[in-house]
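This report describes charged and aromatic contacts in one protein structure. Please look at the sequence and the structure before reading on.

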Amino acid sequence: MEKTFVYMFDQIKKAGKELLGGKGANLAEMTKIGLPVPYGFTITTDTCRSYYDSVQQLPEEVEGQVLDALKKLEETTGKELGSPSNPLLVSVRSGAVHSMPGMMDTVLNLGMNDDTVKGMAELTGNPRFAYDSYRRFIQMFSNVVLKVDHYHFEQRLENARAENGYTSDTQITAEDWKGIIEDFKSIVSAQTDQAFPEDPKEQLFLTIRAVFDSWNNQRAVLYRRLNQIPGHLGTAVNVQSMVFGNMGEDSGTGVAFTRNPSTGEAKLYGEYLINAQGEDVVAGIRTPQPIASLEGDMPEVYQQLVDTCHLLENHYKDMQDIEFTVERGHLYILQTRTGKRTAQAAIRIAVEMVREQIMDKREALLRVDPDQLHQLLHHRIDPGHGRPQIASGLPASPGAASGQVVFDADEAEELAGNGKKVILVRPDTTPDDIHGIVAAQAVVTSRGGMTSHAAVVARGMGKACICGCDSIKIDLETEQFTTGSVTIKHGDLITIDGGTGDIFDGAIPMIEPELSDEFQLLLHWADEEAHMGVRANADNPVDAAKALEFGADGIGLCRTEHMFMDASRLPTVQSMILSETTIERKEALDKLLPMQQEDYEKIFEVMQGHPITIRLLDPPLHEFLPDKEELLVDVTRLSYTDPDSQELQTKKDMLRKVRLLEESNPMLGHRGCRLGMIHPEIYEMQVRAVFQAAANVMKKGITVIPEIMIPLVTHVNELKHMRRLVLNISRQVEEQEGEAFQYSIGTMIETPRAALTADQVAQEADFFSFGTNDLTQTTFGFSRDDAEGKFLHHYVENDVLPQNPFVSLDQDGVGKLVESGVKLGRQTKPSLKTGICGEHGGEKTSIQFCFNLGMDYVSCSPFRVPSARLAAAQASVRHSLHVPQYQ
């Protein structure tokens with residue numbers, strides 16, 4: 001039986017978005033519920049995968065199935081592709097499983113040639129419309145399929161406008177278009193050494209291949225990487241009969257969101273243009289009218305659009321992004337998809353849809369992406385700054401940012417890569433600018449509206465964005481823009497407020513964010529659903545307080561070495577390291593003990609009875625000493641300038657010790673519990689500081705629950721020795737202070753051997769905390785700094801690895817070791833508490849993985865706690881509702 005590669009929109013057989021793509025599935029669904037959708041067919045994502053498997057050749061069956069589908073389309077519409085008297089024109093669009101706005105290619109008005117354009121002119125009685133559509137097709141097809149740069153066509157249009165004194169394309173006449181079309185064809189011949197193809201079926205198959213090719217263009221690959229969309233999914237292709245918004249003043253095109261994608265307000269939001277095609281709106285070439293104005297221009301169409309938006313939102317139970325066209329007063333819906341929105345909007349929409357009884361709380365939790373929540377935890381402009389704005393545009397995406405002005409996406413990427421903060425300023429952006437948008441702190445365009453490419457992409461990324469700021473005059477040649485009497489040059493600092501649309505000269509002070517009531521309510525719902533705790537990695541009272549403010553259940557990782565690195569303590573730490581005998585080292589440790597004790601007391605007081613996992617000293621000792629190369633320079637210099645100085649002798653002693661402690665591979669060297677085994681006095685000091693601090697805080701009536709974590713254990717005997725050390729010190733302090741402590745002793749699982757022998761290690765452990773950063777390094781054999789700096793990005797870009805394993809847990813490799821560690825540990829000790837404390841603890845797919853293993857908690861940085869709480873709740877909800885998990 002022949003495999004089906006092509007489905008009509010109204011084909012009875014049900015096929016989901018994995019096969020039809022999001023756009024194709026929604027077109028089929030809208031057709032099914034009776035909405036005015038231009039008829040067409042979808043070529044499946046299977047076809048795309050087969051196309052790439054066959055070295056970019058379409059499967060043999062596809063051509064026949066496309067021609068059969070085309071025949072059904074012609075029968076349904078009563079038109080024929082290529083007919084001079086009654087021509088069918090189609091759009092050919094991509095349609096990935098996950099929305100990728102603007103990242104792949106589209107061709108409109110396909111089927112036009114020198115004969116069909118005459119037929120269109122006669123049928124419509126509007127030659128200007130027909131020839132305008134023809135030039136659009138040549139321009140778009142030549143760019144997408146024949147790879148002729150847009151610039152050549154835009155330059156010819158600019159010349160035509162200038163020669164005739166036109167201010168917009170709508171003033172160009174049919175006769176003008178005829179001459180421009182001939183020039184466009186000459187451009188194609190000159191650039192490609194071939195004539196523009198006149199055969200509509202040839203045009204169709206060339207375009208289908210080009211859309212499949214665009215799945216792997218640079219911007220699409222970058223977008224997938226940023227949004228963790230798997231590269232193997234492929235795109236569908238949708239072939240749809242054209243309706244025309246450029247047929248006169250009773251026609252138009254637009255984009256509507258069922259709710260405000262920036263704020264979440266339950267009010268129709270969008271833009272439209274009279275006498276235009278869809279690309280004019282989304283490309284930002286013209287600045288459109290707000291959707292509310294449509295009510296005055298076409299009241300019946302506006303009301304039909306409002307009713308359609310309500311129907312679609314209730315059908316899909318989510319905010320929708322709708323593209324529509326009005327042809328001679330008739331409304332057509334070209335597509336609907338779940339709308340990209342800011343985190344602020346996502347939360348408000350989810351909460352209000354629960355209140356409106358469109359969905360329940362658990363569904364609402366799934367509507368907010370945990371990765372977006374960091375947008376709400378950033379600073380905003382201090383309202384008391386008192387500095388006047390220099391310009392204002394459309395508030396396309398909220399947020400505040402300061403940075404140096406740049407006018408080129410490539411330069412934005414380069415400067416950002418060198419640590420500079422930049423704001424990308426452009427007349428408008430195209431999908432090819434995505435790398436610059438990613439790199440920039442914010443985006444400003446002088447053209448385009450709030451549904452333009454720049455706005456949609458910026459909102460999805462949480463970037464501040466201002467569009468349609470027509471008061472700024474951009475000169476790309478001199479790299480500057482002017483507004484009124486102010487000139488801002490390349491490299492100058494500006495600040496923008498994407499929530500108000502205001503632009504300011506220079507840097508503006510920022511203040512702490514305020515979390516909305518809806519945000520707090522959503523997280524309260526999350527905590528009701530979550531079965532896994534969320535802790536924070538915090539090493540000081542300020543971070544501990546922030547963790548509690550963001551709802552952490554405790555501290556999952558308190559790194560004691562960070563306390564050692566305080567500038568005021570470093571001389572004492574260095575003197576301890578430089579000690580020649582145990583007695584000398586203990587003298588230095590005695591000075592450090594009250595410092596560490598004070599640190600713990602402050603954290604215990606802040607945490608007010610929440611558990612705190614304290615990791616004993618982990619890094620090798622040489623990290624606390626000056627750099628060897630710097631010491632060599634200092635010793636050489638002092639040997640010539642001050643050979644008898646005490647400073648020289650001190651530097652020489654330190655250099656000798658650095659050389660003594662130097663290791664070939666310090667990550668796998670004398671660190672962690674190995675340090676405690678050889679120098680137990682260091683761990684004894686730290687443990688004593690913990691318990692003496694606990695005793696003092698407990699005397700104030702505050703509960704203290706310390707969890708002592710021994711790092712880098714690879715063999716159960718290491719933990720046995722270290723556990724004995726902790727027990728001895730705790731007993732001594734209990735007798736000394738007259739207090740009984742509630743505490744536990746565990747280890748960090750961060751080597752493959754520890755994970756594989758976890759049943760043995762668990763004999764001496766009350767808990768396991770998986771240090772997934774080091775476990776990833778030791779499993780892959782990667783040094784993180786070297787890998788990320790030298791080759792890891794290449795692996796990800798070329799699909800050697802699906803993602804950076806230090807960002808998202810490698811479930812197939814490292815994950816199997818974690819799974820082994822949890823299962824083996826609980827075989828020995830069913831009550832064993834388990835969690836992870838690497839930065840994977842704040843990443844949603846890794847959190848889902850930890851939930852599936854039955855872990856007790858995850859731990860992450862304080863600012864990732866809210867997103868981890870939401871991800872933990874989503875893991876529970878997905879499990880209970882049998883919803884597909886993150887891949």
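## Salt bridges

A salt bridge here is a side-chain nitrogen of Lys or Arg within 4 Å of a carboxyl oxygen of Asp or Glu. The model is a predicted one, in which local features need pLDDT of at least 70 and side-chain atom pairs count only at pLDDT 80 or more, while totals for chains, interfaces and linings use all residues. Residues are numbered from 1 along each chain as its sequence is written, and side-chain values use heavy atoms, with hydrogens and water left out.

The structure holds 41 salt bridges. One of them joins Arg-259 and Glu-352, whose closest N and O atoms are 4.0 Å apart. Arg-259 lies in the loop between strand 8 (252-257) and strand 9 (269-274), and Glu-352 in helix 13 (residues 343-355), so this pair ties together parts that are 93 residues apart in sequence. Helices (H or I, at least four residues) and strands (E, at least two) are DSSP runs, numbered from the N terminus. Both Arg-259 and Glu-352 are buried; buried means under 20% relative accessible area, exposed over 50%, and partly exposed in between (1.4 Å probe, protein chains only).

Another salt bridge pairs Glu-707 with Arg-535, with the closest N and O atoms 2.9 Å apart. Because Glu-707 is in strand 29 (residues 705-710) and Arg-535 in strand 26 (residues 533-537), the pair ties together parts 172 residues apart in sequence. Glu-707 is buried, at 2% relative accessible area, and Arg-535 is buried too, at 5%. Elsewhere, salt bridges with shared partners join Arg-259, Glu-313, Arg-348, Glu-352 and Glu-356 into one network.

## Aromatic pairs

Rings of Phe, Tyr and Trp (its six-membered ring) pair if their centres lie within 6.5 Å; planes under 30 degrees apart count as stacked, over 60 as edge-to-face and the rest as tilted. The whole structure has 17 aromatic pairs. Phe-153 belongs to helix 6 (residues 150-164) and Phe-184 to helix 7 (residues 174-192), so the pair ties together parts that are 31 residues apart in sequence. Both Phe-153 and Phe-184 are buried.

The pair of Phe-791 and Tyr-795 is tilted, because the ring centres are 5.3 Å apart and the planes lie at 55°. Phe-791 is partly exposed, at 29% relative accessibility, and Tyr-795 is partly exposed at 30%. Ring pairs link Phe-780, Phe-782, Phe-791 and Tyr-795 into a cluster.
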